[in-house]
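Hi,

Here is the structure I promised to pass on. Have a look at it first, then read my notes below.

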Amino acid sequence: MDQIEELAGAVATSKCTVVLTGAGASTDSGLPDFRSKQGLWQGIDPMKLASLTALRSSPVEFYQFYRHRLSRLSGAQPNPVHTALAALQRAGYVSALITQNVDGLHQAAGATDVIEVHGSLRECVCLDCRSRFPSSLIDADVLSPADIPRCPQCRGALKPGVILFEEELPADAIERALEATQRADLFIVVGSSLEVGPVNQLPAIAVQGGADLAIVNLDPTHLDRKARWLLRERAAVVLERCRGILKV
Ligand code: ZN
């Protein structure tokens, strides 16, 4: 029996399987990991642009950057990672699906109740009244600070529904993620190098609680030595086979 067969067997017998997905789950949908070198935006580090400071100090570049990300997202379709996870969830094999991704592709593939710990690029939020709107409202041509997209209710500045650097993570999503992690007897990391905290601590919390850990990622992570199953393969290959073995 190889590792994927073993993992599928563990999914079949687990009482509470929790899955955490990261950027590697969406690369096959044409959405590059924005830590990768190709992700650079006009010579500016996107990590710096995706911050509250950038929104306030360089609003034109900030909104242009998010408009670019929205345009990439509009053509993106779910890939076999998303469809396999949605099928496993429908069949009752996944108790909680936590994602670091903001692309909404798990939901587009039919997954429900996705815990989006870094927010969603499908929405935008008013900085003043915190009302949420579809992201189409920030898909605007911002050429000067006067063009900043405004809240239809209070005229506050709208920001993308993603969590920016220097912002708190959404407390409700983090709480749900933690609660599911503490119940897990199997925790599967899919396409995350576990570099971004505090979400990267969830697998260790699961292991402390007695869960078996599986890591499906092309690159090494800081938790590899704790993983019972370490699969340095494309997530699509692993999940498609699990799906086939479990016949969902
Ligand atoms: Zn408002």
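The largest nonpolar core has 30 residues, and Leu-7, Val-81 and Ile-188 have the most contacts inside it. By nonpolar core I mean a set of buried Ala, Val, Leu, Ile, Met, Phe, Trp, Tyr and Cys residues joined through side-chain atoms within 4.5 Å; buried is under 20% relative accessible area, exposed is over 50%, and partly exposed is in between, with a 1.4 Å probe and protein chains only. Helix 1 (3-13), helix 5 (80-90), strand 7 (186-190), strand 8 (212-216), strand 9 (229-231) and helix 9 (235-246) each supply at least two residues of this core. The largest share, six residues, comes from helix 9. (Helices and strands are DSSP runs numbered from the N terminus: H or I with at least four residues for helices, E with at least two for strands.)

Keep in mind that this is a predicted model, where local features need pLDDT of at least 70 and side-chain atom pairs count only at pLDDT 80 or more, while totals for chains, interfaces and linings use all residues. Residues are numbered from 1 along each chain as its sequence is written, and side-chain values use heavy atoms, with hydrogens and water left out.

Leaving aside neighbours within four places in sequence, Leu-7 is in contact (heavy atoms within 4.5 Å) with Ile-188, Ala-214, Trp-229, Leu-231, Val-238 and Cys-242. Apart from this core lies another one, of 28 residues, including Ala-54, Phe-62, Cys-124 and Leu-164.

Now for the strands. Strand 2 (residues 96-99) is covered on both faces: Ala-96 and Ile-98 are buried on one side, Leu-97 and Thr-99 on the other. Strand 2 runs parallel to strand 1 (residues 17-21), joined by four bridges, and Thr-21 has Thr-99 as its bridge partner. Two strands count as paired if DSSP finds at least two bridges between them. Strand 3 (residues 115-116) is also parallel to strand 2, with two bridges, and Ile-98 stands opposite Ile-115.

There is also an open sheet of three strands in the order 5-4-6, with antiparallel pairing. Strand 5 (132-134) and strand 6 (158-162) are at the edges with a single partner strand each, so one side of each has no neighbour in the sheet. Strand 4 (residues 119-126) has six of its eight residues buried, so it is largely enclosed by the rest of the structure. Three bridges join strand 4 to strand 5, and Cys-124 stands opposite Phe-133. Four bridges join strand 4 to strand 6, where Gly-119 has Val-162 as its partner. Last one: in the hairpin of strand 4 and strand 5, with five residues between the strands, Arg-130 takes a positive phi near 65°.

Cheers
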